[in-house]
Amino acid sequence: MHPVNQRERLPYQAIKTVVAVVAFVLVLRAPVVLAFGDDGHKIVGEIAWQRLSPAARTEVKRILESDPEYERFYESCIWADKIKSEGSWNWARRLHYVNIAKDAGAYVETRDCQEKQDCPDGIPCPSRNCVVAAIGYYRDVLKDPNSSDPDKLVALKFLGHFVGDVHQPLHAGFAHDKGGNDVRVLFFNNKTNLHRVWDSGMIRQSRKRWFDYARELSQSITADQHRAWTATLDPADWATESHKLVPEVYADIPRSAEIGEVYYREKLPMLEEQIKKGGVRLAALLNSVFAD
Ligand SMILES: [Zn+2]
């Protein structure tokens with residue numbers, strides 16, 4: 001081989017190596033999705049944002065201005081998952097969900113939401129340990145004229161996230177299998193668990209960009225749906241409603257635990273409706289909090 005050719009090959013090899021290393025590092029850095037995935041939360045946040053009153057938008061923007069990380073409301077809706085890996089926020093992990101007994105029918109606070117024992121100093125923290133209590137509590141922090149702006153910022157970011165979570169049926173599931181986390185499935189041949197399929201798997205399977213998906217879902221919400229979904233703004237009712245959908249989530253999973261196109265097509269409309277409800281209700285909640 002001609003020596004000139006040999007020299008020309010070297011940079012190409014080097015570039016190939018760099019590309020491979022960068023790709024490997026990106027794979028390592030890919031976030032572990034533990035809750036209603038980033039896209040699900042961003043979609044809920046964006047659907048809500050489009051429905052905020054001028055007064056609520058102004059106040060949400062003002063509160064977010066002091067946030068070092070997030071400029072847009074939809075981005076701030078993923079914060080509660082980002083801090084899960086930080087020990088100082090461990091106390092908030094149980095605020096993402098509620099477990100309800102299998103034949104209970106409805107959420108009951110004294111039975112399903114334990115008193116909270118691990119509140120830190122100086123950060124707003126609910127007195128009970130589940131997503132229903134968290135939504136009610138952070139709504140009240142936002143509403144309270146005596147709350148400081150830093151407290152309101154924490155409350156806003158938690159609220160924007162937890163209203164999404166409570167609409168994922170498996171965030172109001174059963175304790176015995178940790179809301180489907182212990183139910184191993186093969187989803188389109190990928191080893192995962194049922195909880196993850198509902199948090200992020202089905203949304204990813206749509207292969208839509210989150211913003212396009214948000215716009216599509218938002219535009220499909222009718223006035224009748226809006227009216228029906230905002231008839232109650234009590235998070236206990238939302239949890240009960242999600243819980244009642246749980247049997248539907250477990251139905252149609254074969255013994256082989258292989259689910260794919262059939263399951264996806266069958267269940268996606270329910271997931272999409274829950275996401276839409278989450279967005280509409282988050283907006284209604286913030287509009288009521290920031291009513292002028
Ligand atoms: Zn969550």
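Helix α9 (residues 194-205) spans only 14 Å between its end C-alpha atoms, whereas a straight helix of 12 residues would span 16 Å at 1.5 Å a residue; the expected span is 1.5 Å times one less than the number of residues. Helices (H or I, at least four residues) and strands (E, at least two) are DSSP runs numbered from the N terminus. This is a predicted model, in which local features need pLDDT of at least 70 and side-chain atom pairs count only at pLDDT 80 or more, while totals for chains, interfaces and linings use all residues. Residues are numbered from 1 along each chain as its sequence is written.

- Among the buried residues of α9 are H195, R196, W198 and D199.
- The cover over these buried residues includes α2 (38-49), β1 (184-187), β2 (190-193), α12 (235-250) and α13 (261-289).
- R207, which follows α9, has a positive phi near 55 degrees.

**Packing of α7 on α12**
- The axes (lines fitted to C-alpha atoms over the stretch in contact) of α7 (residues 131-143) and α12 come within 9 Å and cross at roughly 150 degrees.
- α7 is therefore roughly antiparallel to α12 (angles over 145 degrees).
- On the α7 side V131, V132, I135 and G136 meet P235, A236 and A239 of α12, with contact meaning C-beta atoms within 7 Å.

**Whole chain**
- The protein chain holds 13 helices and 3 strands.
- Of its 292 residues, 41% count as buried.

How values were computed: A residue is buried if 20 or more other C-beta atoms lie within 10 Å of its own, exposed if 12 or fewer, and partly exposed in between; C-beta atoms are placed from the backbone. Two residues are in contact if their C-beta atoms, placed from the backbone, lie within 7 Å. Axes are lines fitted to C-alpha atoms, for helices over the stretch in contact, and angles run from 0 to 180 degrees between N-to-C directions. Angles under 35 degrees count as roughly parallel, over 145 as roughly antiparallel, 65 to 115 as roughly perpendicular and the rest as oblique.
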